[in-house]
Amino acid sequence: MKLTTRFFLSHSGVVLVALLVSFFLVYEGSRLFYLRQAKQSQGQAIADFALAAKESLIQHEDVAVLNFMKSVVKNPTLAYSAYSNPTAGNPVVLPPEFQKLVSFSGDLKFSPSNGPNQRRLPNGLEVLEWTSAVQIGNGTTGRVWLGYSLPAMAKDLEDQSAKWMRLELEAGAAALLVGLLVSVTLGRQMAAPLGKIRDGIQLVRSGKLGSLVGVKRKDEIGDLARDFNSMVVQLKELDEMKRDFMAGVTHDLGTPLHAIRSAINYLQAGDAGPLTEKQSEYLLMVSNSTSHLTAFINNLLTTARIEAAKVDPYPEPVDVFAHVKELVTLYQPQAVENGVRLGLVKKNQYISLVADVTMFRQIVLNLISNALKFTPHGEVEVILSEEDGDFILEVRDTGIGIDPMHTQLIFEKFYRVHQPAGTPARQGSGLGLTIVKGLTEAHGGRVVVESVLGKGSNFKVILPKQPRRV
């Protein structure tokens, strides 16, 4: 999972949990707040009702208390209001339809205000009833009642809760959106420089040491980028020192080797006089060693040119079959000597390729040589074909194979395949496959390896039929 996705999911989860907790707290808190406010409002209403009733008793007229009752019944949660004046007989009830539904009992003498009591009316309505006694100085006592409909209160509570939840959802959605945008932004800000470092690592692995990571952050990621750039600079310096050393060594070795080769040819031609059989044998050994050392130096020079990106192919039409057949024929004696069947297969009747002939021959030469080297018995097959507009060269063998863990390492310089115990050691510089990969990529192609340990390998070189400059 990518860092941006992981960062996005983790922060989204945190935001969602925070919103769910806040929704619960707001919902429960709003209900408690509503019930507390309703209780305070109802208590204040019964107190104001008692005060209006007291004024009416003092003035011996019911105008004030009736006006209060008319105003208070406008409250949608109030079922009824009632006022009892001892001099007037039955209590006055508003709205009038509750006159016969509400029966009032209890001592009408002075008593302190009582808390609310829940009761059920004959029509089945559940009400929360508040009552308070009213007394004036001459001993006249009255009483007031306010009955609040419990269903109406519940509906009002749900309406208020729905309103608050709607506001909370809108605010939560906005907060979630902002949180997600922030998490995506922060994730990308973290992932972008890490992606640059990853690309830089891939460039370094491919041998391109001239690309530094452009990260100007001053946090830990910036420190990582600066350390990476410092490492790349040091690697580049070491690589330049290595190339200079290799160039100097190969040049210093090349000159005396050329002189030795000339001297051997002179002696073998008999220009310095006749040679004995033993002398000829020794000269042949020296000649073979000189050829081996010369080939190694040439491989070093080719590898150095590849690493310095100084390999410049000269493309021209290549008679693929003719060149490959010539190289297969060249290696036939070695294959027969090792008990290996070396074959050539041409899948397409007409195969065309535009490439550097010398480089193409070196690719084929190295692959056949490598296959014969690691195939103690069995067969090596060279296959030529075309697919999707590309030329394909395959070299299959039934040799010792390669551990899948090492298939990418075999293209590193001087890397040698680990050989099973009991098999004879194979000589080689460890540069052949490095050269194959470098020359193939110089033509804009690629090398694919398929191998099973103990069963053999298949090296597939895929080249564009027309070269692509890289």
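Arg226 is partly exposed in this predicted model, at 37% relative accessibility. Its salt-bridge partner is Asp223, with N and O 2.8 Å apart. Asp223 also counts as partly exposed, with a relative accessibility of 37%. Both residues belong to helix 4, which spans residues 220-268. They sit 3 residues apart, about one turn of the helix.

A salt bridge between strands was also found. The side chains of Glu379 and Arg341 meet with their closest N and O atoms 2.4 Å apart. Glu379 is in strand 9 (residues 378-387) and Arg341 is in strand 7 (residues 340-346), so this pair ties together parts 38 residues apart in sequence. Glu379 is partly exposed, at 28% relative accessible area.

Arg198 and Asp199 form a further salt bridge, at 3.6 Å from N to O. Asp199 is partly exposed, and its relative accessible area is 37%. The salt bridges in the model number 11.

Strand 1 covers residues 78-84. Of its 7 residues, 7 are buried, so the strand is largely enclosed by the rest of the structure. Strand 1 pairs with strand 5 (residues 141-149) in the antiparallel sense, through 6 bridges. Its pairing with strand 2 (residues 92-94) is antiparallel as well, over 3 bridges. Tyr83 takes part in bridges to both of these strands. Its partner in strand 5 is Val144. In strand 2, the partner of Tyr83 is Val92.

Conventions. Residues are numbered from 1 along each chain as its sequence is written. This is a predicted model: local features need pLDDT of at least 70, side-chain atom pairs count only at pLDDT 80 or more; totals for chains, interfaces and linings use all residues. Side-chain values use heavy atoms; hydrogens and water are left out. Buried means under 20% relative accessible area, exposed over 50%, partly exposed in between (1.4 Å probe, protein chains only). Helices (H or I, at least four residues) and strands (E, at least two) are DSSP runs, numbered from the N terminus. Two strands pair if DSSP finds at least two bridges between them. A salt bridge is a side-chain nitrogen of Lys or Arg within 4 Å of a carboxyl oxygen of Asp or Glu.
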